[in-house]
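Colleague: I've got a model open and I'd like to learn how to read it. Can we go through it feature by feature?

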Amino acid sequence: MRIEDGIWDKKRDRERMGLGCGMRSGIQGRDETRNEDPSRAVTRLPDHFSGSRSAAGSGGRGSLPARAFGGAFGGSPPAPQPRGRCRPLRGDGTPGMSRDWGSPGEERLRFGRVRSRGSAPGVRGCRAEGTPQGGQGFPKSPRGSRTPQGGDRRTSPRPARGQQWTRPLSSAGGGDTIFALSSAPGRCGVAVIRASGPGSRGALQSLTGTPKVPPPRVLALRRIRDPDTAETLDRGLVVWFPGPRSFTGEDCAELHVHGGPAVVSGVLRALGRLPGLRPAEPGEFTRRAFHHGKLDLTAAEGLRDLIAAETEAQRRQALRQMEGDLGQLYQRWSHTLTQALAHLEAFIDFSEDDNVEEEVLCQVDVTVRALEREIRGHLRDGRRGELLRGGVRAVIAGPPNVGKSSLLNLLCRRPAAIVSPAAGTTRDVLDVALDIGGYPLVLSDTAGLRPATDPVEREGVTRARHRLCQADLVLAVLDATSVSPTPPALGAALAALEPPPDTPCVLVLNKADLLGGLRGSLRATCARTPPEPPATLLSCKTGEGLESLLELLAQQLAQLCGDPLLGSPSLTQSRHSRHLGACAAALARFGCGDSGDLAVAAEQLRLARRELGRITGHVGAEDVLDIIFRDFCVGK
C-alpha cells in the first residue's frame, strides 16, 4: 500500500492482497470501493481487538492480531478492548495510512495525522462506540441505521419481523413494573395508560418501535405497535417521566391513545406480553407514591376524594387536602410533640448536665396543654369536612299527602318518586343525590308520619322515623292550607313531627297556590326576623317559591359544611377523628408536675405522637434523638 500526495491507491493495494476490486478487505467495515472520492474514504477497524489471526487476502471478517499493532505503534500490544466500533474521523486532510507486511497473515497499520476524538488506547483518530451497558440507548451502524445488538447489520443476524425493537426490560432499581388504564373505563376520546417501574422505559421503547424516548415531561406523537407482530395498534401521544420526578417516584411512562375499547384492550394486551410487566392492583400507583415519599396518607385520601368529587365545594376541599394542608397541620402538631418529648427525655437522662435546666419541665407542660386545646378545638368543627365529603343527609318529613314526593321530584327535576292523590303512597325511603349551591345533598323521601294500621305502611313509618333520627338537615313539609298563619301554630305543627333535637330544620309550606287571601299573612310569618325555624312558601304544582327554597337550602348547607378554603383544614375521615381523640386523651393524662412520674408522662407523649403519626403514616423514633442532640448538644 502506498500513499502518494495524500492519495491512497486502494485498487492497486487490493489487487496486491489478492482481494479484487469487488470484495471487502480483511479489515471489517463497509465496501471501500464504493467511495469514488479518495478523500471521503472511511476505514473501519474490527469490532474488538483480540489475539485471533485473520489470513490476509482471505476476505474474512475476523479481527486483526493483537501483535500487529506492536510494530506499528511501538511498545506492547494494547489490552483487549470492549466490543465496539472504531473508525477514523474525517479531518481537513485525507487520513494517511501505510501497511508494512510481516509474516503471512499479518499486517501492520500506521495511521497518519487525523483528528482524534476519544479513541482506543494506542490508536489515534478513532472513536470507539461500544455496546450500550444496562440497555441504555442504541449505537449507530455504519450507515446511520440502528440494531438492537449495537453492531453492524451485515455482521449481526437480522431479527425476525416484530422482534427488531423488543428489548429486555431493565431491572435496575429493583421491583416490578406495573401498568393500568388510568383514565375512566368505557368509550371516550382519549384514554391514558400508565406504566410505572424500572421497566417502563423499555416498555415505551418496545411499543413505539424506537430506541429514543421523548424528552422528560414532553408529549410526543408516536406510532404504537405490538412488539410481537409489529402491527400498528394506534397513533397517539407518549410522555416519559424519569424518576424520582414522577407521580410514583419511579420511572413512569404514559400512552395517550384513542379511547375506543379495542384500542385500549390491544395496548393493554401488548403491555401484558412484555417480560417483567404486570397489571396494577387497585390503588397501587398511589401506594407506590406513598412509599416513595411523594404523598402522605392524608394527601392520598385527598386524591381519592378529588377523583370522586361531584360538587365545587367537594373539589376545593379535596384539592386543599391533596396539596398537603391537612397533612402539614398534623405534621406541625407531631413536630411539637416530638420536641416536647425530646426535651422531657433529655431531662430524664441528662438532668445533671448543665445544658438541661429545670425550666424545661414547665415549658413542656405549657406546650402540651396548648396543643391539647388546639386538637380538641379541631375536633369540635361540627363534622364539616365529613359532611362536605360524604354529602349532607337531608330528610323530607311530614304528614301524609302534603307533597313530600312532589317536592323530591321538583328538586331533582325528574319523576323519581310516585305521586298519587291517595294518602300513604310512599312506603319506603327513596334517596337522591343533589348539588345545591355547590354543596352535596343526599335527599331522602320518606313515608308520611301518622299512626298506621296497615303492616306495610307501619314498616314505612318506622323506617322514616329511623332515617329522621340520622338526618343532618330536616325539610319539614306542611300543608299551607291546614295550618294557622301564626308562629306558635307553625311551631306546634313542626313539633308534632318530632324532629331530632339540635338538628337544623327548614319549614316548607306547600300548596301555596291554594292559599287565596291567607297568602299575605303566611308570607309575613315566614319573613319574620329571625325565623325560627326558617320557613318558606312553595307550590310544587306551579313552581312558585322554588328559588327561595333553593337559596334557603344553600344557606343551611353553607353553615353545616363551611367554606373549605377558609380557616384551618377540616376533618374529612372518621379515622382522623378517632386518632385525634386518642391523641387528646393521652395528652389529658400527661402530667410532669411535682407528683407526676416523668417516665409515665413521657410514655403518654409517645402514645399521643404515635396516634398523630398514624394519620399521616409517618411514625419514627429517630426524630426524637435528632432534637435531643440538636437542642442540648449532649455529649460534646
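Colleague: Let's start with the largest pocket. Which strand and helices each supply at least two residues of its lining?

Modeller: Keep in mind that this is a predicted model. As for the general idea, rolling a probe the size of a water molecule over the atoms shows where empty space is left. Here, strand S7 (177–181), helix H5 (284–291) and helix H6 (297–308) each supply at least two lining residues of the largest pocket. That pocket holds about 590 Å³ of space. Its lining counts 21 residues, with Gly283, Glu284, Phe285, Thr286 and Arg287 nearest the centre.

Colleague: And how do the lining residues divide into nonpolar, polar and charged?

Modeller: For the largest pocket, 11 are nonpolar, 4 polar and 6 charged. Now take the second largest pocket, at about 340 Å³. Its 25 lining residues divide into 10 nonpolar, 11 polar and 4 charged. Helix H11 (residues 404–412) gives the largest share of that lining, 3 residues.

Colleague: Next, salt bridges. How many does the structure hold?

Modeller: There are 29. Arginine 606 and glutamate 345 meet at 2.0 Å. Arginine 606 belongs to helix H17 (residues 598–616) and glutamate 345 to helix H8 (residues 325–349), so the pair ties together parts 261 residues apart in sequence.

Colleague: Is glutamate 345 buried or exposed?

Modeller: Buried, because its relative accessibility is 14% and the cut-off is under 20%. Arginine 606, at 29%, counts as partly exposed.

Colleague: Which residue does aspartate 431 form a salt bridge with?

Modeller: Arginine 467, with the closest N and O atoms 2.9 Å apart. Aspartate 431 sits in strand S14 (residues 430–436) and arginine 467 in helix H12 (residues 455–469), 36 residues apart.

Colleague: Which residues are linked in a network of salt bridges?

Modeller: Asp176, Glu250, Arg278, Glu284 and Arg288 are.

Conventions. Residues are numbered from 1 along each chain as its sequence is written. This is a predicted model: local features need pLDDT of at least 70, side-chain atom pairs count only at pLDDT 80 or more; totals for chains, interfaces and linings use all residues. Side-chain values use heavy atoms; hydrogens and water are left out. On a 1 Å grid over the protein atoms alone, a cavity is a set of points where a 1.4 Å probe fits but cannot get out, and a pocket is an open set with protein on both sides within 12 Å along at least five of seven lines; lining residues have an atom within 4 Å of a point. Grid points are joined across faces, edges and corners, and a volume is the space filled by probe spheres set on the points. Helices (H or I, at least four residues) and strands (E, at least two) are DSSP runs, numbered from the N terminus. Ala, Val, Leu, Ile, Met, Phe, Trp, Tyr, Cys and Pro count as nonpolar, Asp, Glu, Lys and Arg as charged, and the others, Gly among them, as polar. A salt bridge is a side-chain nitrogen of Lys or Arg within 4 Å of a carboxyl oxygen of Asp or Glu. Buried means under 20% relative accessible area, exposed over 50%, partly exposed in between (1.4 Å probe, protein chains only).
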